[in-house]
Amino acid sequence: QVQLVESGGGLVQAGGSLRLSCAASGRTFSTYAMGWFRQAPGKERDFVAAIHWSGSSTVYADSVKGRFTISRDNAKNTVYLQMNRLKPEDTAVYYCAADSGPRTIAVLPATLRGDYWGQGTQVTVAS
């Protein structure tokens, strides 16, 4: 099993920035990709970004390209989501996710299955 714990959410004014963190523990070696999803009230959970375990490739939803950056520190088993130029429509609960699979998988998919999930962290962007 893999445990994921998010932190870094909060309230920010439109145009501001936040950095989310996701600390992984347990059988982290069994995962090859991690990323973020978000869910706004009354809406489905949407993919935001993902990163390969090596850090060599990333993928983003169109709605966040150029504003959000995903990165990871394997020494700390932590994935980050730097969110800049935040908009009110970015308001949501942000969830960390990880996909299991051998690390010989070289290609990052367009989204994650979400084999493991964190508990979520609230991000609120005030207009």
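The structure, which is a predicted model, holds 1 disulfide. This bond joins Cys22 to Cys96, with the two sulfur atoms 2.0 Å apart, and it links distant parts of the chain, since Cys22 belongs to strand E3 and Cys96 to strand E9, 74 residues apart. In general terms, a disulfide is a covalent bond between the sulfur atoms of two cysteines. The link between Cys22 and Cys96 is left-handed, with -80° about the S-S bond.

Strands of a sheet pair through backbone hydrogen bonds, in either a parallel or an antiparallel manner. In the case of E1 and strand E3, which spans residues 18–26, the antiparallel pairing extends over 6 bridges, and within the sheet Val2 stands opposite Gly26 in E3.

Seen as a whole, the protein comprises 11 strands and 0 helices, so that reading along the sequence gives the pattern β-β-β-β-β-β-β-β-β-β-β. For 127 residues, a compact globule would have a radius of gyration near 14 Å, and the protein agrees with this because its own value is 14 Å. Taken along the principal axes, the C-alpha atoms fill a box of roughly 45 × 30 × 25 Å. Of the 127 residues, 46% count as buried, while the protein exposes about 6,200 Å², of which carbon and sulfur atoms supply 51%. Among contacts with a separation of 6 or more, 61% are made by residues 24 or more positions apart.

Glu89 lies in the loop between strand E8, residues 78–83, and strand E9, residues 92–100, and it counts as exposed because its relative accessibility is 57%, where the cut-off for exposed is over 50%. Although Glu89 and Thr124 are 35 residues apart in sequence, their C-alpha atoms are 9.0 Å apart in space.

Definitions and conventions
Residues numbered from 1 in each chain as written. Predicted model: local features only at pLDDT ≥ 70, side-chain atom pairs only at ≥ 80, totals over all residues. Heavy atoms only, no water. Pairing = 2+ DSSP bridges. Helix = DSSP H or I, 4+ residues; strand = E, 2+ residues; numbered from the N terminus. Rg over C-alpha atoms; globule rule 2.2 N^0.38 Å. Buried < 20%, exposed > 50% of the residue type's maximum accessible area, 1.4 Å probe, protein only. Contact = heavy atoms within 4.5 Å. Areas by Shrake-Rupley, 256 points an atom, 1.4 Å probe, with all protein chains shown as cover. Disulfide = S-S within 2.5 Å.
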